[in-house]
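Hi everyone, thanks for making the time. Let me put the structure up on the screen, and then I'll walk you through a few things.

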Amino acid sequence: MTLTTTAVLVPLLPFLGAVAGLLLGRRAPGFVRPLAVLPTLAAAVLTVVVAVGQGTGPATDVATELTPTGSIPIDLSLHLDGFAVLIAVLVGTVATCVQLYSTGYLRHDPRYASYAALVSLFTSAMLLVVYTGDLMVLLVGWEVMGICSYFLVGHYWETEAARAASLKAFLVTKLGDVPFLFGIFALATDAGTFRITGILGSVADGGLHHPTLVALLLLAGVAGKSAQFPLHTWLPDAMAGPTPVSALIHAATMVAAGVYVVARLLPVFAASAAALVVLAVMAAITMVGSGLAALAQDDIKRVLAYSTVGQLGYMLGALAVGDRGAAVFHLISHGAFKALLFLGAGVIIHAAGTNSLAAMSRMSGLARRIPDAYWTMTVALLALAAIPPFAGFFSKEAVLGAAEHAATGAAHGIPGAAGWTVLVSGLLTALLTAAYAMRLWLRVFRGKGAEAPDHGRQPVVMNAVLWVLFLPTAALGLAAPLLPRWFDGRSLAPTLTTSVLGTGVALVGGLVTYAAWRHTSALAARTPIGAVVADPDAGPEAAEETAIATHAPVYGDNAGAADPADPGRLLLGPLQPHAAVGFHLDALYTALFVRPVRAAATLVRFLDGAVVDTYVRAAGAAPRLLGAAVRRAQTGNVQTYLGALLAGSLLLAVAAVLVATGTGA
Amino acid sequence: MHLAYPAVLAVLLFCTGLYGVLARRNAILVLMSVELMLNAVNLNLVAFDVWLRDTLHAGQALTLFTIAIAAAEIGIGLAIVLLVYRNRGSSDIDRLRDLAETTDAADGEPQPDTTAEAAA
């Protein structure tokens, strides 16, 4: 097989698996698991083959015209370079892990067949986005991911939260996708092609007429997909989906698509200093805000979701300072450890029978019940907090190093303001990241109180997947010296200043949280809240569904429980209630968009019911009234009819005579 | 002979027939009045045919048609009257009101056939 054939097979295999899974799911339940896992596994192996085949050589471009469109042609094309092949390896690996994990996690789920098929379809779409060299084809994959995300977030559609979250995820990302579509059109009109290589060539020649407009339009779509301020609000709510979905879609792949698109089109953004500054400010607000919000969340998955938002902010920050190598490096390492964190959270939710941190902090021995999740999660949280020598440290330092590089004016064409924004917010976020990672770890694994309930051993496959993802989480940093040859050639090694600063603030954040926890955990015994509500014998998927459904009634608001033992409450002080609800952004959107739309809908309903329908009903009522009047004439007496007939004919005759003689009218 | 005589006679015949159709109660007399009206028309046809000196004598030919049709009509009409009388014991036109719009039907949905079936 040539490199091209292999690369074509990569998105195709999961797609065929998805189609087969959807068709055969009901009739042949025995085939569902192999159909879910094997195509994804094969695709993952092929991504590695493609990565090895492509190597560090020049980018491979293959294209065939899909159809003549009359103006700008749409090509089916592949563009394989270091970025594409390495991200594809990440997508393939994480997707395979998630499919394997799901066989254990959703083993009793009645809708497993459609779930697995949708995950396969999603994987296929993401791989298409990664490999394609044409923006239109990229958009197809982009939108397929959107709809798969909608279906998968709404997997537990029996719960109100999941239904609302799936609609929200769909609508908010679509809100960004419309400007994205216009951005693609504007870009293609200027460049005369949808091919990314062609567009970049045109940018290099200065053929782009409105770089700022195009970049900002594209940025809207990226903000929606990659959950950046102000369109990030869907991601925390999307945690109402099953945990493997959160791991695959909302941590490692779909949200990475936005970052990937910016990385691919970075010269377009770099052509406009204003766009870079906007990108930097957006990333900075997202990073710091999500860090504060994560510190206040009570749902373990919502903490991780806000953390994802923040880490995506790092990636876009790296892009804002023009270093896509650092951004993609962070994307890959974050994909690995965030998938691990989510999958570990699934194990924890099953073992604890709740998704509330407040409840977990009141049960002891959770770490002993799930040793695999304990150790892997610990390392993944260290990686998240960027503690050396784990993967997150190297990638985050690469980002901070790039920001410092730009801030000191050493990067060509990058505004220093963008560099400073990213550097300062990045350091601040490093502090917050370490703080919420520490808080999560302490509250989950260092709880005091009643013994955690025994839910039996976790399925082996779930634990095995955790250890598979543990490898890149722990050791991806070793790849830092090798990666520049795959990327743009810029060094990704940590620089001394930012490393010391970054690690220092991370340690400070962790230690302060630990001190706060020591101070507050004494309060836990005094206010016992939180009961374990899940059925001990239930499978993981049922445990999570119950946890999602019962969180609000048992622990209060989904975002934050009123728990005085929470160290985040002490650290955030008066900010805590605001951070818990995401700084009231949802309330703002409700006031700005939801209420006007509802009012307009009420108005339209009134107009339809009271105005339009009146005409329709009158059109029926008027003939009925006329008919009733005419019916009175029907007496049954034939001679009356004949009399009327005579009178009528006389009238007509008189009229005819008058008209004929011209004496009338 | 002047045209006025047959014309006036035809008008008188027609008006008599018209009065009979509109005012008589007995169905047989109504039928007879219809014959009177038809024959008034026949008289007109013949009279104008002569007055116009039509070489094809279309008026006389049409009269023959009218007579034939009148014969058929009276045959069917009498048969109907006979059957009505056998069914109802009366051939009084004023009482044959089964097809009238009743008040309850006027208020609600139209109810075709029910009264006719009840009467039959």
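Before we start, one definition: a residue counts as buried if 20 or more other C-beta atoms lie within 10 Å of its own, with C-beta atoms placed from the backbone. Please also keep in mind that what you see is a predicted model.

With that in hand, chain B: of its 120 residues, buried ones make up 11%. The chain has five helices and zero strands, so to speak in pattern form, α-α-α-α-α along the sequence. If you take the contacts in chain B between residues at least 6 apart in sequence, 47% of them join residues at least 24 apart.

Now, how do the two chains meet? Eleven residues of chain A are in contact with ten residues of chain B. On the chain A side, α27 (585-631) and α28 (638-661) each supply at least two residues, and α28(A) gives the most, with four.

Staying with chain A, an unreviewed UniProt entry annotates residues 133-405 as "domain: NADH:quinone oxidoreductase/Mrp antiporter transmembrane". Over that stretch, residues 133-405, the chain is 79% helix and 1% strand, and the end C-alpha atoms are 30 Å apart.

One helix I'd like to zoom in on is α14 of chain A, residues 300-320. Buried or exposed? For α14(A), 21 of the 21 residues are buried, so the helix is largely enclosed by the rest of the structure. Just after α14(A), look for A:G322, which takes a positive phi of about 80 degrees.

Key
Residues numbered from 1 in each chain as written. Chains lettered and ligands numbered in written order. Predicted model: local features only at pLDDT ≥ 70, side-chain atom pairs only at ≥ 80, totals over all residues. Contact = placed C-beta atoms within 7 Å. UniProt positions renumbered as here; feature names shortened; annotations may be inferred. Buried ≥ 20, exposed ≤ 12 C-beta atoms within 10 Å, placed from the backbone.
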